Amino acid sequence: MNRRYRKTIIAGNWKMNKTPTEAKTLIEDMKQQLDKDVYKYCELVLCVPFTDIQAAIKAARGSKIAIGAQNMHFEKSGAFTGEISADMLKEMGVKYVIIGHSERRQYFNETDVDCNKKIKVAIAAGLRPILCCGESLEEREQNVTMEVVRKQIKIALRDVPAEDIKKVVIAYEPIWAIGTGKTATAEQAGEVCSAIRDCLRELYGARAARAITVQYGGSMNAKNAEELLAQPDVDGGLIGGASLKAPDFVAIANASRQ
Ligand code: PEP
């Protein structure tokens, strides 16, 4: 991480876990275990299920934990049964929204073009998108990781103006490392996050690229967080499984103190 130029963001992705009552308990436990000065080193975000948002925002009061969502629709409103809009999230007090998580791409056929529409609508509503990108195991073995990630980013950020790019967080999440217990080595994570910054530099110039938070996600845990976060271009983490246990999430937040 390079705190001189950009914020370290430690974000949890709870996926389809926790009822509102469980969310309240988990956040209260986290608040109790977090040192107040941790916020000097990182921003903390919890991306919770839609049904937990209200309880989570209430439980997070008195801390600086921001609440995020895990998805949203790309239209402002309309006949999209079962969907949630950016304005709905914003009015509830949501600050961040994950866009293009690999599970959404895999199970719900989300494309880079969908991500592009969602990012623009999220920014217009005042939300900070966390754009996920990352290669499959096959793509890594075929040695096309950088091409895959560059394509995802270039399409997802198409027509996102320079003045808005700092609001976007990028999460590099190799698909083979998500929920598998197989973490990318610190070198692998650092190498791709650095290539992502090169791509952002080509698109937006050196100054903007230096200011964008690029997270790593994929089986980050209390044990490996420090090494991953020590990479100069890894500015935080998007954390699934380990964000469901207060001591683990708190330990990862503490690892950003280095
Ligand atoms: C994720 O869901 O974005 C993720 C990285 O999950 P896990 O930490 O469980 O691999």
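Guide: A definition to begin with: a charge sits over a ring if NZ of Lys or CZ of Arg is within 6 Å of the ring centre and within 35 degrees of the ring normal. Keep in mind that this is a predicted model.

Visitor: Fine. Which residue lies over the face of phenylalanine 108?

Guide: Arginine 104, at 4.2 Å from the ring centre.

Visitor: And what lies over phenylalanine 74?

Guide: That is lysine 117. Its distance from the ring centre is 4.3 Å.

Visitor: How many aromatic pairs in the whole structure?

Guide: The search finds one.

Visitor: Ligand now. How many residues surround it, and which are the closest?

Guide: The count is 14. Lys15, Glu173, Gly179, Ser219 and Gly240 are the closest.

Visitor: How does that shell divide by residue type?

Guide: Eight are polar, four nonpolar and two charged.

Visitor: What do the ligand oxygens contact?

Guide: Two side chains, for example. Histidine 101 puts a polar side-chain atom 2.9 Å from a ligand oxygen. For asparagine 13, a side-chain N or O atom is 3.1 Å from an oxygen of the ligand.

Visitor: Which backbone atom is 2.9 Å from a ligand oxygen?

Guide: A polar one of glycine 241.

Visitor: How much of the ligand does the protein bury?

Guide: 95% of the 290 Å² that the ligand exposes taken alone.

Methods. Residues numbered from 1 in each chain as written. Predicted model: local features only at pLDDT ≥ 70, side-chain atom pairs only at ≥ 80, totals over all residues. Heavy atoms only, no water. Near = heavy atom within 4 Å. Polar contact = N/O pair within 3.5 Å; in protein donor to acceptor, adjacent residues only side chain to side chain. Areas by Shrake-Rupley, 256 points an atom, 1.4 Å probe, with all protein chains shown as cover. Nonpolar A, V, L, I, M, F, W, Y, C, P; charged D, E, K, R; others polar. Phe/Tyr/Trp six-rings, centres within 6.5 Å; stacked < 30°, edge-to-face > 60°.
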